[in-house]
Amino acid sequence: MSTPIRCLNYIDGQWQPAQSGEMLEDLNPADRREVVATFARSGAADVEAAVAAARKAYRGWRLVSAPTRAEIVFRIGEILRGRKEDLAQLMSREMGKTIVEARGDVQEAIDCAFYYAGEGRRLFGQTTPSEMDNKFAMSVRAPVGVCALITPWNFPVAIPCWKALPALVCGNTVILKPAEDTPACATALIDVFLEAGLPAGVANLVHGTGEEAGRALVAHPGVDLVSFTGSSVVGAEVASVCGRTHKRVCLEMGGKNAQIVMEDADLELALKGALWGAFGTTGQRCTATSRLILHRDIKQVFTEKLIEQARQLRLGPGTDPNTEVGPLINESQLSRVQRYIEIARQEGLKVLLGGGPARSEELAHGHFFEPTILDEVPPTSRLAREEVFGPVVVLMTIDSFEQAVELLNDTPYGLSSSVYTRDVNRAFRAIRDIEAGITYINGPTTGAEVHLPFGGVKQTGNGHREAGSAVLDVFSEWKTVYVDFSGQLQRAQIDNRS
Ligand SMILES: NC(=O)C1=CN([C@@H]2O[C@H](COP(=O)(O)OP(=O)(O)OC[C@H]3O[C@@H](n4cnc5c(N)ncnc54)[C@H](OP(=O)(O)O)[C@@H]3O)[C@@H](O)[C@H]2O)C=CC1
Ligand SMILES: O=C(O)CCC(=O)C(=O)O
């Protein structure tokens, strides 16, 4: 086993330990005997230093032209591309996702860098005719200020990039508080940022726990905006603190995503979608398929095939190229998934496959859980309503398309959704009637692309979107500008055309 990576904070252009001097351990989820990294246990004093650095750097960074800021973001993309394999290997070891999925995660960050590098030459505002003679009217984007970025472990490179890169192009400075389960990926990412040429204080990194570093950051009066991705419980707390302290806040939280399979669907395609949507990344995606809504006519054949294919999925460490399903991230996530299976049993649900931790000897030191399928789950079941965030999918039966959409919408969340059908009319009705931020037709609930808005309705978010040009509305303020070149004050200028 190799020496643990030492992950320090990066504040004002300097790598530095937490002021407490304490370090915490980050374990390999596939083999918890291995300490992958140690990381700084930061607290309020470290947050204070990071905010001061980010505030100071903001004065200069906001004045750097947007295309110049974007050129640095472009270089971030190039460096990430050169380090893709190293980063993917590190991620697979630290977070547990399969190496193929880890490469996809880094690729998403690369795509993101190139996309937002382009935005630096757009950042379009509007010009409109004025109501007055000799007057020019327009709107421009201005940066927000110091942005706190609080991120989860499931996409440890892509999600920090989704937030940091558009924030930087818009002229903000950032402080990243990554998940305590993936400090090494965050450290490697910040290494890329500084190598690309970001000035000191523009991007800062504060490791530590959510309760200590995260809370201090959200509450700090020197932070102007919090962009948070994580659980709904923590998101609600972040939102209420931001409400009380008048901060802009953008939340991306959980999902209870469903895939509908109608009787006219291409069943082989729908099966592949269900298999990878539910069990890919061990179900630890906010877009994972956790409900399968199946038309009664195909239910039995579809279920039999799904069980057969899911049973054959190879569990193992993500770094093994033969692995198809990696471990859960940590002990508490393993207990959480187990608790949900107990609830399922108490509710009398039928476990068709899996339902427990992996039994094989060689997986005994990791947090492996068998792909699990639960049958005939009523919409009132906790398994049908709450996010498990593991390799667990529930099956539901419907007799009509209308019933399917109603069932799909019957959830407190609204992130991703999918419909398999060959009927174009149904497809368009689904697009219109499904209450979710993302709808796939004949594709699984996962696989978002960076150039379109990402996020959800209801308890999944708070009305904002990440990715695409939509996220520019999170990381910039609109400034409306009137230029009067009449050379005189007209009454109508003040009172409009009254
Ligand atoms: N909609 C979306 O785009 C996505 C949503 N998610 C959701 O995230 C959840 C899994 O991620 P998980 O990391 O466990 O979620 P958490 O909400 O526990 O943590 C997310 C981040 O917030 C930090 N944090 C925890 N408590 C606080 C606090 N009180 N104040 C400030 N920061 C805090 C965490 O730190 P620490 O690591 O120390 O706990 C971590 O960095 C799932 O529910 C999933 O659906 C995940 C990915 C994408
Ligand atoms: O696969 C996707 O759609 C992106 C998923 C994602 O970003 C997430 O689960 O956090």
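Me: What makes the shell around ligand 2 divide into nonpolar, polar and charged residues?

Reply: The classes rest on residue type: Ala, Val, Leu, Ile, Met, Phe, Trp, Tyr, Cys and Pro count as nonpolar, Asp, Glu, Lys and Arg as charged, and the others, Gly among them, as polar. On that basis the shell holds 6 nonpolar, 4 polar and 1 charged. This is a predicted model, where local features need pLDDT of at least 70, side-chain atom pairs count only at pLDDT 80 or more, and totals for chains, interfaces and linings use all residues. Residues are numbered from 1 along each chain as its sequence is written, chains are lettered from A and ligands numbered from 1 in the order written, and side-chain values use heavy atoms, leaving out hydrogens and water.

Me: How do you know which residues are around ligand 2?

Reply: A residue is near a molecule if one of its heavy atoms lies within 4 Å of it. The residues around ligand 2 include Phe155, Trp162, Arg285, Thr287 and Gly447.

Me: What makes Arg285 a polar contact of ligand 2?

Reply: The term needs a pair of N or O atoms within 3.5 Å. A polar side-chain atom of Arg285 lies 2.5 Å from an oxygen atom of ligand 2, so this pair qualifies. Thr287, by a polar side-chain atom, lies 3.4 Å from a ligand 2 oxygen, and Gly447, by a backbone N or O atom, 2.9 Å. The protein covers 98% of the 300 Å² of accessible area (Shrake-Rupley, 1.4 Å probe) that ligand 2 has on its own.

Me: Which polar side-chain atom lies 2.6 Å from an oxygen atom of ligand 1?

Reply: One of Glu387. Taken alone, ligand 1 exposes 900 Å², and the protein buries 89% of that.

Me: Why are α2 and α6 called oblique?

Reply: Angles under 35 degrees count as roughly parallel, over 145 as roughly antiparallel, 65 to 115 as roughly perpendicular and the rest as oblique. Helix α2 (residues 66–82) and helix α6 (residues 183–196) pack at about 130 degrees, axes 8 Å apart, and are therefore oblique to each other.

Terms used
Polar contact = N/O pair within 3.5 Å; in protein donor to acceptor, adjacent residues only side chain to side chain. Axes fitted to C-alpha atoms, helices over the stretch in contact; angles between N-to-C directions. Helix = DSSP H or I, 4+ residues; strand = E, 2+ residues; numbered from the N terminus.
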